[in-house]
Amino acid sequence: MNWGLKRNQLHSRPSPSGGMCTIAEEADIDYAFLRLQKLEETNRTVQKECKNLRDSFSALARSEQKLTAGLSSCNQVYEEETFRALVEEYHSVAKQMSDSSKQFSDVVQITVNDPLKKLATEFGSAQGAIKKRDQMITDLLPVRRQLEKMKDKERTGTNIARTEQLKRSLAVMEGEFKGTNKQLLNDMNTMLELRADYIEPSLLALIRAETNYYGECTKLFNSLVLHSDTSPYRTSPRVTKSEPAASELEARFNQDMQAIRALSIVADK
């Protein structure tokens, strides 16, 4: 579909046709406009939220790198070999996750944001086509008024000739308007019908990009846990035959928190 007109935001509803369209035709084009306007709003929202998602992933990667960099620069880390090895491996994982985050952001930009940005230009094109249609109404109404006035004038040869000329002009203009109005409605409906075909590949690409990202994240952190469990510096290897129950984890957490609260560096509240 090629609107071939200046691209602007879709904001002005089609003007009433002044009786050139049936009530049903007026309702159809107005309904198509409202649906198209809603699609534009959705498109804008998806673009914005995808950008927020990319920014959030990047912010998470930066924060984790700062965290591991801070741990790596701590002198106390190097006093205990097991802790040092864990921090170094964690820092390596954080760097790899940063690379994965960058890859995710690039994929989403190319497969989601860029196509939706391209789609957004079509809404402005539709508004241009509506403006052209409305201008045809504006140009046609004065001719119709002139023809109405000629009916009250004396039927002289000049007036009769002028009346026939206005009738022919009005017939041509009404025919062009009806053709333009019909084409506009068809194009708007076509755009609405094809919206899923256009947007679905982008949505699938987003899901695949997130699947790859979280899959890589899981793989790297599972590897980190495995390495920490089998580290040669660990004097008492963990038993990994089964996961502890939730109640056991909660009990361990409460015990650890009591020990932390007992430290002198923790302020009393």
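**Exercise 1.** Which residues form one aromatic cluster together with Phe 57?

*Solution.* Keep in mind that you're looking at a predicted model. Start at Phe 57 and look for the rings that belong with it.

**Exercise 2.** Take the rings of Phe 57 and Phe 104: what kind of aromatic pair do they form?

- Step 1: the distance. The rings of Phe 57 and Phe 104 sit 4.4 Å centre to centre, and the cut-off for a pair is 6.5 Å.
- Step 2: the angle. There are 20° between the planes. Planes under 30 degrees apart count as stacked, and that's the label for Phe 57 and Phe 104.
- Step 3: the place in the chain. Phe 57 belongs to helix α1 and Phe 104 to helix α2 (residues 81-150), so you're linking distant parts of the chain, 47 residues apart.
- Step 4: the surroundings. Phe 57 has 7% relative accessibility and Phe 104 has 2%. Buried means under 20%, so Phe 57 is buried, and Phe 104 is buried too.

**Exercise 3.** Now work out why the pair of Tyr 90 and Phe 221 is called edge-to-face.

- Step 1: the centres of the Tyr 90 and Phe 221 rings are 6.3 Å apart.
- Step 2: their planes meet at 65°, so the pair is edge-to-face; the cut-off for that label is over 60 degrees.
- Step 3: Tyr 90 lies in α2 and Phe 221 in helix α4 (residues 195-229), so this pair ties together parts 131 residues apart in sequence.
- Step 4: Tyr 90 is buried at 18% relative accessible area, whereas Phe 221, at 24%, is partly exposed.

A search of the whole structure turns up 6 aromatic pairs.

**Exercise 4.** Describe how helix α1 (residues 23-72) meets helix α3 (residues 157-193).

*Solution.* 

- Step 1: the geometry. The two axes come within 10 Å and cross at roughly 35°. The crossing of α1 and α3 is left-handed.
- Step 2: the residues. On α1, the contact includes Ile 29, Phe 33 and Leu 36; on α3, Leu 184, Met 188 and Leu 192 are among the partners.
- Step 3: the classes. Sort the contact residues and you get 10 nonpolar, 2 polar and 2 charged.

Technical notes: Residues numbered from 1 in each chain as written. Predicted model: local features only at pLDDT ≥ 70, side-chain atom pairs only at ≥ 80, totals over all residues. Heavy atoms only, no water. Axes fitted to C-alpha atoms, helices over the stretch in contact; angles between N-to-C directions. Helix = DSSP H or I, 4+ residues; strand = E, 2+ residues; numbered from the N terminus. Left-handed = near helix turned anticlockwise from the far one by under 90°. Contact = heavy atoms within 4.5 Å. Nonpolar A, V, L, I, M, F, W, Y, C, P; charged D, E, K, R; others polar. Buried < 20%, exposed > 50% of the residue type's maximum accessible area, 1.4 Å probe, protein only.
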